[in-house]
Amino acid sequence: MTERAWCCSLRIVRKRLPILGWLPHYSLKWLQLDSIAGFTVGLTVVPQALAYAEVAGLPVQHGLYSSFMGCFVYFFLGTSRDVTLGPTAIMSLLVSFYALHQPAYAVLLAFLSGCIQLAMGILHLGFLLDFISLPVIKGFTSAASITIGFGQIKNLLGLQDIPQQFFLQVYYTFLRIGQTRVGDAVLGLVCIVLLLLLKMMREQMPPLHQQVPPCVRLSRLIVWAIATARNALVILFAGLIAYSFQVMGSQPFLLTGKTAEGLPPFQLPPFSLVTPNGTVPFNQMVQDMGAGLAVVPLMALLESITIAKTFASQNNYHIDSNQELLAIGITNLLGSFVSSYPVTGSFGRTAVNAQTGVCTPAGGLVTGILVILSLAYLTPLFYYIPKAALAAVIIMAVAPLFDAKIFWKVWHVKRLDMVPLCITFLLCFWEVQYGILAGTLVSGMILLYHVARPQIQQVSKNSVLILQPISGLHFPAVEALQETLFSQALAASLPCCTILDCIHVSSIDYTVMTGLGELLAEFRNHGVSLVFARLQAPVLSDLLNADLKGFQYFSTLEEAENYLNEE
């Protein structure tokens, strides 16, 4: 192998294994900061994972099963030091829709999502995510926050037998409000108040100065640690209360109940499901998941890459979006072998990671080990966790997802974008896939309308008409271009020569070239000329290759005007 080939191979390996870029420079200080960050995120992810499994309609241990594989995979493949992969509120909501509250379906969905994401990464298809506009994303996340939050009211109030469909959920929740369990309601509200106070306490902490005494620094650190680990502390608080009542022989709360103990077995994902009514084959399971096979992997990629880009721009470093696709795909693929449901990047835990001063993805190793230790030794204690406490954690986690200001901002910036925003927001209460699909289609139609009807500006009209398209020309725009030139240059009683100023046109296609040929012929039939000015090099090359009859071009408008005036 030549030296050049060796260097090329080394660059490819380093690109595909980002760990090789930072591991040789790893220091003791980085280890200290990564360990603190990883431990802090671990204290956040354990209670959240239990709560998000409840949102997904799965046994609580599946939340923890889904929380450690991403930590280890991202250690090797991640390009962002801040991002943490694991269960999130959005993914859990989607899993509840498409996995039919069956662990086998959820695990198979993780496997198939990982395969799709991995294929997208290999084929460099990440650009497809760019067609999901921000109004669609905001409409979906805002609707999801309401759906998830309201879905926990039943657990917060101790109500049972509430349907999963949102509108039925609202109806039956209010219908059975009289069956509220006082113990669950009081505990849930107390947990929400505690979480809110601890969150506000952390946000209101003043910045440290160098002159601050050590005792003040220590007290601030203790307060910060308590506020950051608020989810774990509130779950611990609620669990101790529930255990105390259990010891006294009464139990006013609905508890999580018995969960599977220990680590999950490493095994193939279920490609069939045995039920009392028979065996559900693989093809039937795929059909049952339906649109989830597109929605879940795409939304997972979108959520994770958006988070990675946000924190990379804030902290001035670069991420490789295609590498992120591979990391998420491999995480879901391998996670399905340990009974994980689909995961993605978590904004809340990523923020905690960044604020704690993480230096490399090695912080995820500490988080992953903490989750595994929780599975190995703490699962018997999960029995005593009240569902009302988990509901409080979920409600406080999803509340920031609702962005009320987005409606005001979009209305004032571009009112047309209110259409996909509102359509997505409203339809997501009915079915998530319909909301996302309808919003994306409407956004695409708006985009295509501007492509098909480009704005063509009249720069000058004396003896010579100068028209300037202010965007690219592609095949849907041919008819609009022909109509504009015909109405302004040829339909008058005295046709006039025309210059098409193409300074803003960066590309054209075969249909456009054919349309321009027809325009040139039409101008000749009327006894006037159509010439082109300020063509960009790729466009000029395409037009010359097309060998259009009567095609003439000039590098400046002045040259074109002088030519037509002399003619």
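**View 1. Gln169 is a buried residue of a predicted model.** At 4% relative accessibility, Gln169 counts as buried, because the cut-off for that term is under 20%. This is a predicted model. Gln169 is found in helix H10, which spans residues 166-175. A polar atom of the Gln169 side chain lies 3.5 Å from the backbone oxygen of Gln164. Leaving aside residues up to four places away in sequence, Gln169 touches Thr147, Phe150, Gly151, Lys154, Ile162, Pro163 and Gln164.

**View 2. Helix H22 packs against several other helices.** H22 covers residues 432-452, 21 residues in total. From first C-alpha to last, H22 reaches 30 Å, close to the 30 Å expected at 1.5 Å a residue. Its buried residues include Val432, Gln433, Gly435, Ile436 and Ala438. Gly439, Val442, Ser443, Ile446 and Ala452 of H22 are buried too. What do the buried residues of H22 pack against? Their partners are helix H6 (89-98), helix H8 (134-151), helix H15 (292-314), helix H21 (418-427) and helix H23 (478-490).

View 3. A disulfide is a covalent bond between the sulfur atoms of two cysteines. How many disulfides does the structure hold? The count is 0. Cys71 is in no disulfide, and the nearest cysteine sulfur, that of Cys359, is 17 Å away. Cys71 is buried, with a relative accessible area of 7%. The closest cysteine sulfur to that of Cys497 belongs to Cys496. These two sulfurs are 7.3 Å apart, too far for a bond, because a disulfide needs them within 2.5 Å. Cys497 is buried as well, at 15% relative accessible area.

**View 4. Strands S5 and S6 form an antiparallel hairpin.** S5 holds residues 456-461 and S6 holds residues 464-469. The two strands run antiparallel and are joined by 5 bridges. The hairpin connects S5 to S6 through 2 residues. Gln457 stands opposite Gln468 in S6.

View 5. The order is S5-S6-S7-S8-S9, and the pairing is mixed. Which strands stand at the edges? They are S5 and strand S9 (553-554). Each has a single partner strand, so one side of each is left without a neighbour in the sheet. Strand S7 (residues 497-501) pairs with strand S8 (residues 530-533) in the parallel sense, over 4 bridges. Ile499 stands opposite Val531 in S8.

**View 6. Helix H26 lies across the sheet strands S6, S7, S8 and S9.** H26 covers residues 557-566. The helix runs at about 165° to S7.

Methods: Residues are numbered from 1 along each chain as its sequence is written. This is a predicted model: local features need pLDDT of at least 70, side-chain atom pairs count only at pLDDT 80 or more; totals for chains, interfaces and linings use all residues. Side-chain values use heavy atoms; hydrogens and water are left out. The expected span of a helix is 1.5 Å times one less than its number of residues. Buried means under 20% relative accessible area, exposed over 50%, partly exposed in between (1.4 Å probe, protein chains only). Contact means heavy atoms within 4.5 Å. A polar contact is a pair of N or O atoms within 3.5 Å; within protein, one must be able to donate a hydrogen and the other to accept it, and residues adjacent in sequence count only if both atoms are side-chain atoms. Two strands pair if DSSP finds at least two bridges between them. Axes are lines fitted to C-alpha atoms, for helices over the stretch in contact, and angles run from 0 to 180 degrees between N-to-C directions.
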